[in-house]
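Here is a short note for a colleague coming to this structure for the first time. Please read the points with the model open beside you.

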Amino acid sequence: MTGSVIIIIFFIIGIISGLLELVPEGWIGNNLSYYALCALMFCVGMTIGSDRKTLGSLRQLNPKLILLPVLTILGTLAGCMAVSLILPHWDWASCLAIGSGMGYYSLSSIFITQMKGAELGTIALLANIIREVITLLFAPWIAKYFGPLASISVGGATSMDTTLPVITHAAGPQYSVISIFHGFLCDFSVPFLVTFFCSL
């Protein structure tokens with residue numbers, strides 16, 4: 001939860017800096033966000049590649065559990081498609097691009113801002129932060145009434161890091177490896193799905 005608050009604070013500082021013109025005009029533009037995106041992608045790749053414990057633990061999983069992240073992704077996209085029907089201001093591809101963030105707000109919002117503009121990028125940032133906050137607040141309730149796998153699914157990409165302690169507490173420690181695996185695949189899907197739907 002602290003990470004989400006910090007991201008929001010930096011977001012607000014960025015808005016204020018832009019309004020007050022505190023940042024030199026040459027710094028603002030597509031080049032700066034592109035370099036930030038490249039640095040972020042490098043960090044994501046380095047994190048995944050260096051975590052050998054996580055990669056090793058994935059070998060112990062039942063192959064059928066690969067369906068969990070697949071169903072999470074499909075369910076998220078289906079929900080976004082349904083939402084697009086009641087939001088005539090936004091087309092279905094934009095709604096799917098936002099949902100494809102899977103809770104990974106920092107990466108998805110930069111991609112969407114780069115490809116679709118700041119307005120949609122801001123919506124993506126807030127939508128994916130809200131997904132993480134919902135998981136942090138309601139994972140125990142979701143696990144109780146819908147089952148332990150549901151509490152993992154709602155976390156999306158965050159189930160491998162920020163929401164993992166809450167999910168493990170709600171679902172049980174035996175689900176921690178499944179949660180990491182789920183988050184890993186959702187995380188991996190984000191750049192591909194977001195850029196695909198942004199390009200439509």
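**Notes on the predicted model**

1. Start with the core. The largest nonpolar core has 20 residues. Those touching the most other members are I73, M102, I112, V190, V194 and F197. Helices α4 (67–86), α5 (92–99), α6 (105–116), α7 (118–146) and α10 (176–198) each give at least two residues to this core. The largest share comes from α10, with six residues. Please keep in mind throughout that this is a predicted model.

2. Take V194 as a way into that core. V194 is among the core residues that touch the most other members. What does V194 contact, once neighbours within four places in sequence are left aside? The list is A97, S100, G101, S108, F111 and I112. One of these, I112, is also among the core members with the most partners.

3. Now step back to the whole chain. The protein chain has ten helices and zero strands. Along the sequence the pattern reads α-α-α-α-α-α-α-α-α-α. There are 200 residues in the protein chain, and 40% of them count as buried. Consider also the contacts with a separation of 6 or more: residues 24 or more positions apart account for 72% of these.

4. Look next at one helix pair, α4 and α5. Their axes lie 8 Å apart, and the helices pack at an angle of about 140°. The crossing of α4 past α5 is right-handed. On the α4 side, the contact is made by T76, L77, C80, M81 and S84. On the α5 side, W92, C95, L96 and G99 make the contact.

5. Stay on α5 for S94. This residue is found in helix α5. Is S94 buried or exposed? S94 has 3% relative accessibility, and the cut-off for buried is under 20%, so S94 counts as buried. The S94 side chain makes a polar contact with the side chain of D91, at 2.9 Å. Not counting residues up to four places away in sequence, S94 touches K116 and L120.

6. K116 comes up again at the end of the chain. L200 lies in the segment after α10. Leaving aside neighbours within four places in sequence, L200 is in contact with W92, A93 and K116. W92 is also one of the α5 residues in the contact with α4. The C-alpha atoms of L200 and A97 are separated by 9.6 Å, while the two residues are 103 residues apart along the chain. L200 has 47% relative accessibility and counts as partly exposed.

7. E119 deserves a look. Its place is in helix α7. With 52% relative accessibility, E119 counts as exposed. E119 still has contacts beyond its neighbours within four places in sequence: H89 and W90.

8. Turn to the aromatic rings. How many aromatic pairs does a search of the whole structure find? The search finds four. In one of them, the ring centres of W141 and Y145 are 5.3 Å apart and the planes meet at 45°, so this pair is tilted. Both residues lie in helix α7, four residues apart, about one turn of the helix. W141 counts as partly exposed, at 47% relative accessibility. Ring pairs also link W141, Y145 and F146 into a cluster.

9. Helix α10 carries a ring pair too. F188 and F192 form a tilted pair, 5.4 Å centre to centre with 50° between the planes. These two residues are four residues apart in helix α10, so about one helical turn separates F188 from F192. F188 is partly exposed at 48% relative accessibility. F192 has a relative accessible area of 54%, and the cut-off for exposed is over 50%, so F192 is exposed.

10. Which residues does S179 contact, leaving aside its neighbours within four places in sequence? They are I152, S159, M160, L164 and I167.

Key
Residues are numbered from 1 along each chain as its sequence is written. This is a predicted model: local features need pLDDT of at least 70, side-chain atom pairs count only at pLDDT 80 or more; totals for chains, interfaces and linings use all residues. Side-chain values use heavy atoms; hydrogens and water are left out. A nonpolar core is a set of buried Ala, Val, Leu, Ile, Met, Phe, Trp, Tyr and Cys residues joined through side-chain atoms within 4.5 Å. Buried means under 20% relative accessible area, exposed over 50%, partly exposed in between (1.4 Å probe, protein chains only). Contact means heavy atoms within 4.5 Å. A polar contact is a pair of N or O atoms within 3.5 Å; within protein, one must be able to donate a hydrogen and the other to accept it, and residues adjacent in sequence count only if both atoms are side-chain atoms. Rings of Phe, Tyr and Trp (its six-membered ring) pair if their centres lie within 6.5 Å; planes under 30 degrees apart count as stacked, over 60 as edge-to-face and the rest as tilted. Axes are lines fitted to C-alpha atoms, for helices over the stretch in contact, and angles run from 0 to 180 degrees between N-to-C directions. A crossing is left-handed if the near helix is turned anticlockwise from the far one by less than a right angle, and right-handed if clockwise.
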